[in-house]
Amino acid sequence: MTVYRQPADSKFGPNCGPTSVAVLTANPLADVMAFIKADNKKAPSWKGSTYNSGPRYADEKGECFKALKHFGANPKVEQRWQDQLCHKTLQSVVAELPQDRAYFICTGGYTNGHGQAVVGDRVFDQNTAPDGDHISKHFGRRKKVKVIISVDRLTDNSTEENIVSNPIAVLPLSLSNSV
């Protein structure tokens with residue numbers, strides 16, 4: 001089974017988009033925020049808010065879409081699902097989406113939107129438990145969906161914990177006399 005978790009450097013704040021990208025790509029939050037900040041020319045005081053919907057930032061132009069692509073998540077704007085499921089609640093959308101991929105979903109309006117990572121029935125953002133919240137317990141389960149981006153699921157050995165704690169392979173040495 002694939003393990004998705006909050007990044008070890010997760011922090012509270014207006015950083016739902018970067019936190020969701022970090023969860024979906026198994027990267028540290030600091031790396032994701034550094035990329036988004038540089039790629040979008042954010043101010044030095046930027047705390048993590050992103051633009052992912054609306055006329056200027058829809059689809060592939062969204063800041064989190066570009067970050068997901070940069071970190072190798074193979075993002076796809078799921079237009080057929082957006083047309084069918086847009087304006088439904090997050091809880092009903094999660095129940096209808098196929099389970100073979102993970103998702104970055106934006107809810108709310110253009111100026112007060114919220115991004116979250118969705119894997120199966122678990123939702124991740126900067127306020128959830130380290131292993132996510134069940135959709136029935138998530139505070140935003142009744143918010144209306146605006147954007148659905150699907151991404152490849154992580155494999156068992158690509159979680160942040162494995163990447164950070166096992167950065168290189170260590171081969172055992174033997175002291176035998178045979179050559």
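A: C106 is buried, at a relative accessible area of 6%. Buried means under 20% relative accessible area, exposed means over 50%, and partly exposed lies in between, with a 1.4 Å probe and protein chains only. This is a predicted model, where local features need pLDDT of at least 70, side-chain atom pairs count only at pLDDT 80 or more, and totals for chains, interfaces and linings use all residues. Residues are numbered from 1 along each chain as its sequence is written, and side-chain values use heavy atoms, with hydrogens and water left out.

Now the sulfur atoms. A disulfide is a pair of cysteine sulfur atoms within 2.5 Å. The structure holds zero of them. C106 is thus in no disulfide, and its nearest cysteine sulfur, that of C64, is 6.6 Å away. Another cysteine, C86, is partly exposed, with 23% relative accessibility.

Next, the backbone. Most residues other than glycine have a negative phi. K41 is not a glycine, yet its phi is positive, about 50 degrees. K41 sits in the loop between α2 (29-39) and α3 (63-70). Helices (H or I, at least four residues) and strands (E, at least two) are DSSP runs, numbered from the N terminus. K41 is exposed, with a relative accessible area of 74%.

N74 also has a positive phi, about 55 degrees, and is not a glycine. The loop between α3 and β1 (76-77) holds N74. At 36% relative accessibility, N74 is partly exposed.
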